[in-house]
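Here are my notes on the model, point by point. Please read them with the structure open.

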Amino acid sequence: MPIVTMRELLEAGAHFGHRKSAWNPKMKPYIYIQRNQMHILDLSTTVRKMDEAYRFVKNLTMNGGQILLVGTKQQAKKCIEAAAKRCGAVYINSRWLGGFLTNFSTMKSLLEKLRQLELEESQGIWEALPKKEEMHLRRHLEKLRRNLTGTKDLNSLPQAIFVADIKVEEIAVAEARKLGIPIVAIVDSNCDPDPVDYLIPANDDAIKSITLIVGKIADAALEGRQLWEKKNAEVEEKERETKAEELVEEIKVKEEVKKEVKKEEVEEEVEEEVEEEVEEEVEEVKEEVEEEVEEEVEEEVEEVKEEVQEGTEEKKEVREEAKEKQPRKMREAKDERVEEEKGVAEERIQQKIVAAEVAKREGKAKGRPREKTEELTKKKTERKAREKDKEKSAEKTEKTTKKKSKGKAEDKTREKDKEKAKQGTKGETRRSAKKAGKTE
């Protein structure tokens, strides 16, 4: 099913071309016949070319592209504006400003200025300004509106342009051609079709023909925009679903992590409680063991003390017995020796005291000569040797006395044994004599 039928094109007068004298020979493939010095365009090619242009505009807007509708001549102004507003496209219908595409950076600043002035007017800022300045701003705003109202929402270069008459809009076609922007245009019999990418051979002077073709281009743009919005909505829904799935996964992961953390906390608490219980039990066992050990040690210590006391008592008894067994003369001699030694030691101490006092008096206690010090050291060594000799002699005497006491004790025990043996022999002789007397 074609986008536009031949009947619609015939009713709109799209088949009428220009006079034979004004034709462009490059349009010959698109001319059907010549009648009354007028060219009649081939509407079958128009239908085919219209389908191509429709598909191009639809695909362009479906991918988010933007098309600029251009028609500045009187027949195209209103239909271009109506079609652009219907499909949400940008348009120019008053005057093509030179360099609108090739010098778009300056045009962009003008568009920003237009938006700023409209904002100031809506906010009522100009009411506080002087009348002259306000009038100047209003004139500037009207001029910008007259030329740029349709392109107010244009932030970048358009991806394609539609031209109602390429002979009138030569500058627009040249700029688009220079920048490589695709051109969709109505081409009449007096136009050059070479600069146009998607030409539609039709009458570019009849209002009905222009409105029909511009309306179909607007329908293509509208259909493509709707598909683009639908695609964006699907993409947004998919993104939301993916985000929701990610959120659900994150929540699940967080819940799992919380569960693991809770498990770990519970395990740690249980471990701490078990450790505390074990520590308490260990401390109790330690205390019990320490108490038992202390009791055992105290008992052993007491037993050892008792044994030591018994040993000391036995030693004392042995010593007392030895002393008792020692003869009186030995004791007296020992006591005399001890008294003599004590007297000698006391005399030496007194001599030392006297010598120290004499040295202090003379002031020679600190700085003694070497000879005196040597004599003193010799005397000290001699004294120590004498004391050691005395100790050795005393030990020897004690050992001899002990041996003698032991020998005497042994002699006494032997004598007692002999006496007992004699008494036993006497008793046996008596018993034997008694037995012999009875037998007789």
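1. β4 and β6 pair in the parallel sense over four bridges; two strands count as paired if DSSP finds at least two bridges between them. I67 stands opposite A160 in β6. Helices (H or I, at least four residues) and strands (E, at least two) are DSSP runs, numbered from the N terminus. This is a predicted model, in which local features need pLDDT of at least 70 and side-chain atom pairs pLDDT 80 or more, while totals for chains, interfaces and linings use all residues. Residues are numbered from 1 along each chain as its sequence is written, and side-chain values use heavy atoms, without hydrogens or water.

2. The two strands belong to an open, parallel sheet of five, ordered β5-β4-β6-β7-β8. Twist averages 20 degrees from one strand to the next. Helix α3 packs on this sheet and touches β4, β5 and β6. The direction of α3 makes about 170 degrees with that of β5; axes are lines fitted to C-alpha atoms, for helices over the stretch in contact, and angles run from 0 to 180 degrees between N-to-C directions.

3. Y198 is partly exposed, at 29% relative accessibility. Buried means under 20% relative accessible area, exposed over 50%, and partly exposed in between (1.4 Å probe, protein chains only).

4. The largest nonpolar core has 37 residues. Such a core is a set of buried Ala, Val, Leu, Ile, Met, Phe, Trp, Tyr and Cys residues joined through side-chain atoms within 4.5 Å. V57, I67, F162, V184 and I217 touch the most other members. Elements giving two or more residues include β4 (67-70), β6 (160-163), β7 (183-187) and α7 (207-325). A second, separate core of 34 residues includes V70, L97, A176 and C191. Setting aside neighbours within four places, F162 contacts residues including I67, V184 and I217.

5. Three strands form another open sheet, antiparallel, in the order β1-β3-β2. β1 (16-19) and β2 (31-35) are the edges; each has a single partner strand, so one side of each lacks a neighbour in the sheet. Here the twist averages 30 degrees from one strand to the next. Four bridges join β2 to β3 (residues 38-41), and Q34 stands opposite H39 in β3.

6. The structure holds 15 salt bridges, each a side-chain nitrogen of Lys or Arg within 4 Å of a carboxyl oxygen of Asp or Glu. D219 and R86 form one at 2.7 Å, N to O. D219 lies in α7 and R86 in α3, so the pair ties together parts 133 residues apart in sequence.

7. R138 bridges to E121 at 3.1 Å, N to O. It also bridges to E134, with the closest N and O atoms 3.1 Å apart. E134 and R138 both lie in α5, four residues apart. E134 is buried, at 17% relative accessible area. A salt-bridge network links E118, E121, E134, R138, R145 and K152.

8. Please check E120, in helix α4 (residues 104-123). E120 is buried yet has no salt bridge. The nearest side chain of opposite charge, K113, is 6.3 Å away; Lys and Arg count as positive and Asp and Glu as negative, with His and the chain ends not counted.

Conventions: Contact = heavy atoms within 4.5 Å.
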